[in-house]
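Dear colleague,

Please find below the structure that I am handing over to you.

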Amino acid sequence: MQAERKNSAAKWLYGAITALVLIILPFVLEKGFSEYYLYLATKIMVWALFAMSFNLALGYGGMMSFGHAAFFGIGAYTCSLLLVKTSCPLPLAFVIAPFVAAGAGVIIGFFSVRIKGVFYFATITLSFAQLAYILAFKWRSFTFGDDGIQGIPIPALISTDETYINYYFFALIIIVICIYVLWKIVKSPFGLMLRSLRENPERATFVGMKVENYRLIAFVISAFFSGIAGVLYAFLETAISPDILFWSMSGEVILMGLLGGMHIFLGPALGATIMVLLNSFITSYTEYWGMVLGIALILIVLFFPKGVGGLMLEQYQKWMKRKGV
Amino acid sequence: MAILEIKGLRKSFGGVMAVAGMDLKVEDGHIDSIIGPNGAGKSTLFNLISGYYPCDEGRVFFKGQDITDLPPQKIAKMGIGRSFQVTNIFPKLTVFENIQATFLYTRGKGLKLFSDLKKFFTQEAEEILSNVGLIDQAGELAGILAAGDRKRLELGIVLATGPDLLLLDEPTCGMSPKETANTIDLIKEIAEKESLSVLFTEHKMDVVFGIAFHITVMNFGSIIAAGKPDDIRANEKVQQIYFGENRCSSK
């Protein structure tokens with residue numbers, strides 16, 4: 001009982017420290033460094049949300065989706081097109097976008113979740129995502145094709161023209177809410193169902209579970225939150241192109257999950273942080289970002305299959321044990 | 001009344017007849033056994049009853065209802081719980097979560113997306129764990145349990161589905177003689193307490209004769225003999241194909 005209380009006190013303390021850091025960080029970055037770092041911090045948060053949404057499918061549901069760029073991109077495109085082509089107010093566009101992404105999740109998921117085997121699952125989700133990419137690329141009259149959508153109108157309150165501070169906090173609030181909801185889902189009965197069917201779908205079937213239904217729901221939730229990440233990305237960049245639907249985007253989010261540790265709740269966020277930072281620093285020295293990334297990943301998969309987050313957690317547990325003894 | 005009745009069940013894989021037209025009845029409240037050498041078709045029979053494979057021919061009735069070729073999860077929901085020869089659990093969940101997950105599935109609470117997991121079936125899961133003697137390991141990962149404990153955990157999972165009929169595929173496989181005796185007592189005790197019917201397959205003869213009311217002997221997909229333990233022991237054909245081997249190998 002006492003240990004439990006101590007534990008929850010420690011949790012509040014960590015939470016408060018994290019909150020403080022996240023609130024002070026933008027001011028430190030802006031004053032001490034440059035606006036660019038503030039942009040980078042916001043970008044990391046957006047990718048962290050995308051990676052964690054994706055991880056509900058991969059890490060918790062055991063579904064190796066190679067098509068999550070579709071949901072991210074559909075979220076971004078829906079919101080941007082609504083703002084550019086119609087008089088839809090921004091809050092409404094923001095709300096509609098993730099539902100459209102979730103709708104795409106229903107369609108893609110419907111065909112994918114009943115497929116057995118990682119390889120086929122990856123292939124079919126990849127095919128659907130490439131279809132979305134081709135549509136955005138070729139359907140010029142509707143999507144502006146490879147010109148993309150430039151100058152997405154964003155109200156002054158969260159505009160990034162002068163400073164990223166306002167947008168940072170806007171994104172932070174939304175992302176914290178999303179992550180909290182994801183956390184609730186992971187810790188709910190549904191979360192346990194997902195983990196169990198990832199572990200052993202056969203056993204799950206024999207205790208009376210309709211595996212496909214659970215997987216589909218997880219897939220659609222994952223698509224929904226990926227859509228929100230897409231919208232936040234579009235606002236951050238104020239311009240999007242069909243590239244955000246391309247398969248390499250799906251690949252990057254998978255790598256973030258693997259890099260950070262897909263069986264740890266915050267693992268993918270850590271993976272996103274590392275990858276966005278690496279990308280930014282490496283591309284300022286060499287254009288061979290892809291090569292550096294590839295080598296780093298091979299090393300990680302070979303030597304730290306649980307990801308950087310898994311490695312840190314292991315070390316932490318060892319340290320706690322030693323301290324305990 | 002028969003809780004399970006099988007009529008003319010047939011299944012072949014390619015040219016191999018795994019189950020060749022079987023009839024079988026399990027009376028309500030009985031603990032019955034199917035024995036037979038490796039490859040006799042015991043596991044295939046279980047897979048047919050529990051809906052894992054489609055049947056080629058024949059019907060399966062459970063509590064008088066035709067359940068032939070229903071999907072496995074439906075059959076499980078109707079009250080047939082099965083364990084596997086190769087222990088089938090959720091290795092990366094804790095022992096407790098294994099049971100809790102099963103409760104959630106079978107009681108239709110798995111879609112609670114935002115509720116606190118701790119509020120669901122904690123007591124019920126603990127009760128089952130103490131019944132199968134695993135309460136002390138509740139927090140451990142199921143995958144690191146010893147073989148005998150894993151079998152018991154699987155029994156716990158099957159019990160948590162709230163079945164009326166247990167299909168146990170070699171429930172003491174991989175256990176020491178002492179563990180075997182304990183497990184058999186446990187199965188008997190639980191079956192009596194919860195008034196369950198049990199159909200199980202076994203290799204170890206002493207196990208079978210210890211608890212079965214009725215024994216069916218299979219070989220090459222067919223029934224060689226069926227009857228009370230004493231009749232089976234006396235049956236010449238059975239001695240030839242089954243005990244003959246055993247006697248030789250034990251000498």
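Two strands are said to pair if DSSP finds at least two bridges between them. Helices (H or I, at least four residues) and strands (E, at least two) are DSSP runs, numbered from the N terminus. The model is predicted, so local features need pLDDT of at least 70 and side-chain atom pairs count only at pLDDT 80 or more, while totals for chains, interfaces and linings use all residues. Residues are numbered from 1 along each chain as its sequence is written, and chains are lettered from A and ligands numbered from 1 in the order in which they are written.

I begin with the sheets of chain B. An open sheet of six strands runs in the order β6-β7-β8-β3-β9-β10 (chain B), and its pairing is mixed. Its edges are β6 (80–82) and β10 (222–227) of chain B; each has a single partner strand, so one side of each lacks a neighbour in the sheet. From one strand to the next, the twist averages 20 degrees. Within this sheet, β7 (residues 165–169) and β8 (residues 197–202) of chain B pair in the parallel sense over five bridges. There, B:L165 stands opposite B:S197 of β8(B).

Another open sheet has four strands in the order β2-β1-β4-β5 (chain B), with antiparallel pairing. At its edges stand β2 (16–27) and β5 (65–66) of chain B, each with a single partner strand, so one side of each has no neighbour in the sheet. Strand β1 (residues 2–13) of chain B is joined to β2(B) by nine bridges in the antiparallel sense, and B:F13 has B:V16 in β2(B) as its bridge partner. Helix α1 (residues 42–49) of chain B packs on this sheet and touches β1, β2 and β4 (57–62) of chain B. Here, touching means contact: the C-beta atoms of two residues, placed from the backbone, lie within 7 Å. The direction of α1(B) makes about 65 degrees with that of β2(B). Axes are lines fitted to C-alpha atoms, for helices over the stretch in contact, and angles run from 0 to 180 degrees between N-to-C directions.

Next comes the meeting of the two chains. In all, 22 residues of chain A are in contact with 30 residues of chain B. On the side of chain A that touches chain B, α7 (165–186), α8 (189–199) and α9 (201–206) of chain A each supply at least two residues. The largest share, seven residues, comes from α8(A). That side divides into ten nonpolar, five polar and seven charged residues. Ala, Val, Leu, Ile, Met, Phe, Trp, Tyr, Cys and Pro count as nonpolar, Asp, Glu, Lys and Arg as charged, and the others, Gly among them, as polar.

How many of the eleven residues of α8(A) are buried? Eleven of the eleven are, so the helix is largely enclosed by the rest of the structure. A residue is buried if 20 or more other C-beta atoms lie within 10 Å of its own, exposed if 12 or fewer, and partly exposed in between, with C-beta atoms placed from the backbone. Among the buried residues of α8(A) are A:F190, A:R195 and A:E199. The buried residues of α8(A) pack against α2 (35–60), α7, α9 and α10 (211–237) of chain A, together with α3 (95–106) of chain B.

Lastly, B:F209 lies in helix α7 (residues 205–211) of chain B. B:F209 is partly exposed, with 16 other C-beta atoms within 10 Å.

Yours sincerely
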